[in-house]
There are 2 protein chains.
Amino acid sequence: MELSVRKNKILAAVVDRYILTGEPVGSKTVAAMLDHAVSSATIRNEMAELCELGYLEQPHTSSGRIPTQKGYRYYVDRLMGRYELASDEMYRIERQLESASSEPEALLIKASAILAELTGCAGISTTPKDEYTVIKKVELVPIGKKTIMVVLATSSGLLKSKVCRMDVPITLDLIELFYNVAAANFIGVRVSDIHAPLLQNIAASLGEKAFDMLGLVNAVADLAQICTSSELVLEGEANLLNHKELEANALELLTFLQDGDLLSKMLAERNSQLSVTIGKENVFKELENSSMILSSYSVLGQRAGSVGIIGPTRIDYARLIPSIKFLSQLVGKLLSDVTESD
Amino acid sequence: MELSVRKNKILAAVVDRYILTGEPVGSKTVAAMLDHAVSSATIRNEMAELCELGYLEQPHTSSGRIPTQKGYRYYVDRLMGRYELASDEMYRIERQLESASSEPEALLIKASAILAELTGCAGISTTPKDEYTVIKKVELVPIGKKTIMVVLATSSGLLKSKVCRMDVPITLDLIELFYNVAAANFIGVRVSDIHAPLLQNIAASLGEKAFDMLGLVNAVADLAQICTSSELVLEGEANLLNHKELEANALELLTFLQDGDLLSKMLAERNSQLSVTIGKENVFKELENSSMILSSYSVLGQRAGSVGIIGPTRIDYARLIPSIKFLSQLVGKLLSDVTESD
DNA sequence: GTTAGCACTCAGCATATAAGAGTGCTAACA
DNA sequence: TGTTAGCACTCTTATATGCTGAGTGCTAAC
């Protein structure tokens with residue numbers, strides 16, 4: 001629904017001001033912000049209507065107005081200004097991020113931390129979801145007589161490892177056999193294609209030797225599984241305590257975030273390039289006082305994950321969104337760089 | 001300094017009760033706890049003396065008493081009962097922990113999480129400090145034309161990796177040369193012995209080929225460095241918000257913990273088997289309202305790290321200490337298992 | 001449609017009062 | 001000399017009261 005030009009201006013003024021100060025905004029203040037083009041009484045009339053329409057609300061009968069979630073939504077969709085990052089700021093972020101670009105996980109931890117610091121909110125991101133990437137290399141690293149480490153590297157730069165304890169001493173034969181099996185069945189295969197049927201095939205083809213090998217083959221399957229599921233990275237949760245509107249539910253909120261599983265699923269479902277989720281628009285009631293801004297990044301043209309923030313609904317959307325967008329593009333670029341030289 | 005038997009009983013009663021309820025404890029309550037062996041008036045006299053001696057204090061002129069830090073210290077050192085874990089509880093913990101025992105870091109994350117859940121505090125631990133362990137294996141995993149992954153495994157089961165970007169395409173010659181260099185200079189060497197002079201030696205012996213190799217050699221050195229320094233693991237920080245005595249400084253506290261560097265150093269210096277640090281006994285003022293209980297674990301007889309908790313000073317020391325001790329022994333045992341088969 | 005003016009509402013603050021918990025002290029007791 | 005009963009006193013907590021100021025809704029005039 002479209003509001004009148006003047007209502008737009010008033011709503012924008014209220015939201016801008018409220019984001020800035022956190023105090024309810026009165027008609028006089030708005031009149032001043034609009035250069036007294038109309039008097040405060042007129043503003044009052046308009047604001048009363050905006051209340052009825054559900055864009056504003058009053059904490060108490062006679063105080064200024066604050067935006068409702070509907071108000072924020074309207075503001076984000078139509079009213080807010082678009083800012084650009086200063087180029088020196090962009091440069092600074094780029095430098096910081098590049099210093100951690102050697103591994104995807106480190107990169108996303110860094111990205112989340114940068115966002116947390118930049119925004120005063122919690123920084124959040126998901127590691128690249130790799131179901132289309134293939135296994136690049138499988139290596140065994142013997143540790144002890146019966147202990148061996150299985151290392152799996154994917155074409156997207158992920159490296160995962162797992163220690164495997166065997167029931168029998170590890171022989172050179174076994175290792176050689178494993179490398180043969182790996183070359184035949186794993187290398188060049190999509191991580192998402194390492195599933196039960198394939199494993200059974202392998203076991204069958206091995207015959208009597210299958211038993212000793214089973215642990216190693218399963219380890220590879222486990223690692224492949226880990227590679228397909230993207231992981232949640234959260235940094236700067238403590239920042240959320242800074243926002244007094246979140247304090248009341250700080251415990252629930254932080255506990256929820258720390259758990260991560262639910263959140264992780266939620267992020268996986270997102271598919272727009274930029275998503276702003278305000279208050280109760282969030283599925284989980286732990287987030288009903290929070291907003292989430294996420295921007296997805298792509299690796300080699302393929303949507304791979306997201307970076308963003310979680311903060312209070314009262315948040316400077318106009319300034320933060322460009323930062324988050326910029327960072328997501330940067331993450332995509334750096335991750336593509338790691339991979340592209342293939 | 002030794003107190004009279006009766007003062008001991010009274011102090012113990014006050015601390016026990018205060019830990020339980022969080023409310024100041026009055027003379028009448030204490031009299032009841034001691035089965036009215038003496039009247040409340042007598043208790044009052046004794047409590048007044050305990051105040052003068054610095055073991056108790058009054059939040060306001062006329063309220064019950066609460067323990068001072070000195071009081072807690074005395075209680076922990078001499079008064080508190082010793083509990084034992086129920087054997088089914090021990091079994092439950094053992095099972096949980098074993099499920100994550102494949103890698104040292106996962107194990108300690110799990111241990112911290114268990115402690116956090118068990119105690120309602122933040123669980124904390126350090127990964128094994130490995131300066132005496134030796135490099136077991138160094139592997140190269142090619143990723144792209146100019147990108148290669150360096151993997152380092154230590155005898156203690158640690159596995160670290162780093163992506164290395166080269167200026168020139170990676171050739172088989174280079175890889176072979178690296179493996180020769182590694183076999184001659186790294187394998188079997190203590191991680192703490194990989195330092196600048198050794199690197200210079202290697203560079204010198206390589207002559208003109210040193211340039212291409214430098215990145216790889218440096219990567220190994222970086223990884224060795226990472227192995228020597230133990231890492232801090234923190235779980236369940238959100239639990240701290242449950243304790244109202246910490247709420248006032250929750251932001252500072254969580255920020256401090258999240259940073260970790262300082263804390264990490266502090267933990268490294270600890271050398272007693274069990275350490276209880278109460279309030280201002282902590283070096284950092286962010287922790288002056290907190291207590292820390294740490295128990296060190298040993299891997300193959302060698303002190304390697306610690307596990308424990310951080311919580312408010314008002315905490316059930318008597319019940320938590322046995323849990324923490326038990327967990328530290330368990331961690332040591334599981335880590336030794338991973339390593340022993342060498 | 002806009003504005004000035006005014007009565008009204010309500011949060012926030014300060015002050016006053018009462019109740020209750022617990023103390024310190026004194027004097028009597030064993 | 002150590003212990004106890006009794007009592008006045010202190011201080012927190014809760015509740016009630018009044019005041020102030022910001023901001024409103026409404027009405028009447030422009």
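Tutor: Two strands pair if DSSP finds at least two bridges between them. Helices (H or I, at least four residues) and strands (E, at least two) are DSSP runs, numbered from the N terminus. This is a predicted model, in which local features need pLDDT of at least 70, side-chain atom pairs count only at pLDDT 80 or more, and totals for chains, interfaces and linings use all residues; side-chain values use heavy atoms, with hydrogens and water left out. Residues are numbered from 1 along each chain as its sequence is written, while chains are lettered from A and ligands numbered from 1 in the order in which they are written.

Student: How many bridges join strand β9 to strand β10 in chain B?

Tutor: Find β9 at residues 290–299 of chain B and β10 at residues 302–312; the two run antiparallel. One place to look is Tyr297(B), which stands opposite Gly305(B) in β10(B). The number of bridges joining β9(B) to β10(B) is ten.

Student: Within what arc do the buried residues of α7(B) fall?

Tutor: Helix α7(B), residues 172–185, reaches 20 Å from its first C-alpha to its last, close to the expected 20 Å (1.5 Å times one less than its number of residues). Its buried residues (under 20% relative accessible area, with exposed over 50% and partly exposed in between, using a 1.4 Å probe and protein chains only) are Leu174(B), Ile175(B), Phe178(B), Val181(B) and Ala182(B). They line one face of the helix, because the directions from the axis to their C-beta atoms fall within an arc of 125°.

Student: Which residues are exposed on the other side of α7(B), and what do the buried ones pack against?

Tutor: The exposed residues there are Leu172(B), Asp173(B), Glu176(B), Ala183(B) and Ala184(B). For packing, contact means heavy atoms within 4.5 Å.

Student: Now chain A: how many residues of β5(A) are buried?

Tutor: In a regular strand the side chains alternate between the two faces of the sheet. On one side of β5(A), Thr147(A), Met149(A), Val151(A) and Ala153(A) are buried, and on the other Ile148(A), Val150(A), Leu152(A) and Thr154(A) are too. Of the eight residues in β5(A), the number buried is eight.

Student: Which residue of the hairpin of β5(A) and β6(A) takes a positive phi?

Tutor: β5(A) and β6(A) (residues 159–165) pair in the antiparallel sense over seven bridges, with Ile148(A) opposite Cys164(A). Four residues lie between the strands. The one with a positive phi, near 95°, is Gly157(A).

Student: What angle does the direction of α7(A) make with that of β4(A)?

Tutor: Start from the open sheet β4-β5-β6 of chain A, whose pairing is antiparallel. β4 and β6 of chain A stand at the edges with a single partner strand each, so one side of each is left without a neighbour in the sheet. Helix α7(A) packs on this sheet, touching β4 and β5 of chain A. Using lines fitted to C-alpha atoms (for helices over the stretch in contact, with angles from 0 to 180 degrees between N-to-C directions), the angle with β4(A) is about 170°.

Student: Is Ser323(B) buried or exposed?

Tutor: Ser323(B) lies in helix α13 (residues 317–340) of chain B. Leaving out residues up to four places away in sequence, Ser323(B) touches Leu85(B) and Leu118(B). Because its relative accessibility is 8%, Ser323(B) counts as buried.
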